[in-house]
Amino acid sequence: MQQERDKEVKEKLHLLAESFQKVLYEEDKAFLENMKTNSLASDDIRKYQFWEWTQGVGLFGFWKYYEIYQDKKYLEILEDYYARQFKIGLPAKNVNTVTPLLALSWYGEAFHKEEYLKACEEWAEWIMKDFPRTQEGGLQHITSDSVNEQEMWDDTLFMTVLFLAHMGQILGRQDYIEEAIYQFLLHVKYLSDRDTGLWYHGWTFKERNHFAGAFWGRGNCWITAAIPELIAMGVCSPAVERYLTGVLKNQVDALVSLQAKSGMWHTLVDDPDSYEEASATAGFAYGITKAVNMGILDASYKGAAEKALDAVLGCITEDGIVEQVSYGTPMGRESKDFYKEIPLQPMPYGQALAILFFMEWLNDSGK
């Protein structure tokens, strides 16, 4: 039974990789239409067309896939993508446009690509010196179309802060690493719910509240994934690692209790009336599995990931497309019901989170 399941995971993982390029270059018409009138930088919207957080998360998962399987055709997809985007020109800097640099930093380091590493260094220095800040020095969640003054969102740690930490490693910049760690700790302070261990989507210093108070699924999964990723970099002191491990365990304890019978999690993780959502489910299962494999979570938590495995496998079509993925989700400012109305459609981050989960699952015992 286990061998059959692992065989299916490998087959679906290959399908995800084969279909990734198609999803990477699918045009997001709603996003581009919005950018025509709401772009903060008022620059060429072609620069944003395929360079946003949606592609950035996807590229990170795809890079990890290449690292494991070393297939040159997948490397060429990455090479062609970055060459194309640098020729067009990079967009204005914000939380979401940093994200494609996460994979680029790994790729540039591995292949000594000085042009790309120089760009990564420029953006990392911008994060340190010029990134808009909230009270207490938090990274304000500025996006391509919204300033979000004095707001911190749970997305930021995965989208921007992991990149800063990795650039600190590459450049030997302890100040970058310390800033990344500070951002994790500050986001815990304002976004982690003390009662449940779950994370709110955002916090505003202006109103001093959590907006609609939503425990949004994919927002929570960025945390489940980001904490093990940061710890795996080896940049945390023992005290910080111990602290973040406790934060992760509190969140995962809540998630385990809220997992649906199907193995999925809901888009509002504590609301069974909200739809079940695949990207959050894959992200939770990835973070849990990685944390167990690293030894920072007990092996008993693997059961929740195993339930999620069958569910995510069932969301993948014969041509390798992850279905039941919610579209990009801005802040639900007034009502939690806002999250229930987000449409479902295939997205690069859905592909990537499934890729990361399946690879980590197979990594359990060198399967």
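Helices (H or I, at least four residues) and strands (E, at least two) are DSSP runs, numbered from the N terminus. I note that this is a predicted model, in which local features need pLDDT of at least 70 and side-chain atom pairs count only at pLDDT 80 or more, while totals for chains, interfaces and linings use all residues. Residues are numbered from 1 along each chain as its sequence is written, and side-chain values use heavy atoms, with hydrogens and water left out.

**Entry 1: H4 and H5**

I looked up how helix H4 (residues 53-69) meets helix H5 (residues 72-88), and found that they pack at an angle of about 145° with their axes 9 Å apart. Their crossing is left-handed (the near helix is turned anticlockwise from the far one by less than a right angle; clockwise would be right-handed). On the H4 side, the contact (heavy atoms within 4.5 Å) is made by Gln 55, Leu 59, Phe 62, Trp 63, Tyr 65 and Tyr 66. H5 contributes Tyr 74, Leu 75, Ile 77, Leu 78, Tyr 81 and Tyr 82. I sorted the residues of this contact into eleven nonpolar, one polar and no charged. For this sorting, Ala, Val, Leu, Ile, Met, Phe, Trp, Tyr, Cys and Pro count as nonpolar, Asp, Glu, Lys and Arg as charged, and the others, Gly among them, as polar.

In the loop between H4 and H5 I found Gln 70. Its phi is near 55°, a positive value in a residue other than glycine. Gln 70 counts as partly exposed because its relative accessibility is 47%; buried means under 20% relative accessible area, exposed over 50%, and partly exposed in between (1.4 Å probe, protein chains only).

**Entry 2: Ser 42**

I found a positive phi of about 55° at Ser 42 too, although it is not a glycine. Ser 42 lies in the loop between helix H2 (29-38) and helix H3 (46-49). With a relative accessible area of 64%, Ser 42 is exposed.

**Entry 3: Tyr 107**

I located Tyr 107 in helix H7 (residues 100-111). Its relative accessible area is 3%, so Tyr 107 is buried. Beyond its neighbours within four places in sequence, Tyr 107 is in contact with Trp 63, Leu 75, Glu 79, Tyr 82, Lys 113 and Tyr 116.

**Entry 4: Thr 281**

I located Thr 281 in helix H13 (residues 278-294). Thr 281 counts as buried because its relative accessibility is 0%. Apart from neighbours within four places in sequence, its contacts are Gly 263, Met 264, Trp 265, Ala 308 and Val 312.

**Entry 5: Thr 329**

I placed Thr 329 in the loop between helix H14 (302-313) and helix H15 (337-340). Thr 329 is buried, as its relative accessibility is 8%. I recorded a polar contact of 3.4 Å between the side chains of Thr 329 and Arg 218 (a pair of N or O atoms within 3.5 Å; within protein, one must be able to donate a hydrogen and the other to accept it, and residues adjacent in sequence count only if both atoms are side-chain atoms). The side chain of Thr 329 also reaches the backbone oxygen of Tyr 327 at 2.8 Å.

Terms used:
Axes are lines fitted to C-alpha atoms, for helices over the stretch in contact, and angles run from 0 to 180 degrees between N-to-C directions.
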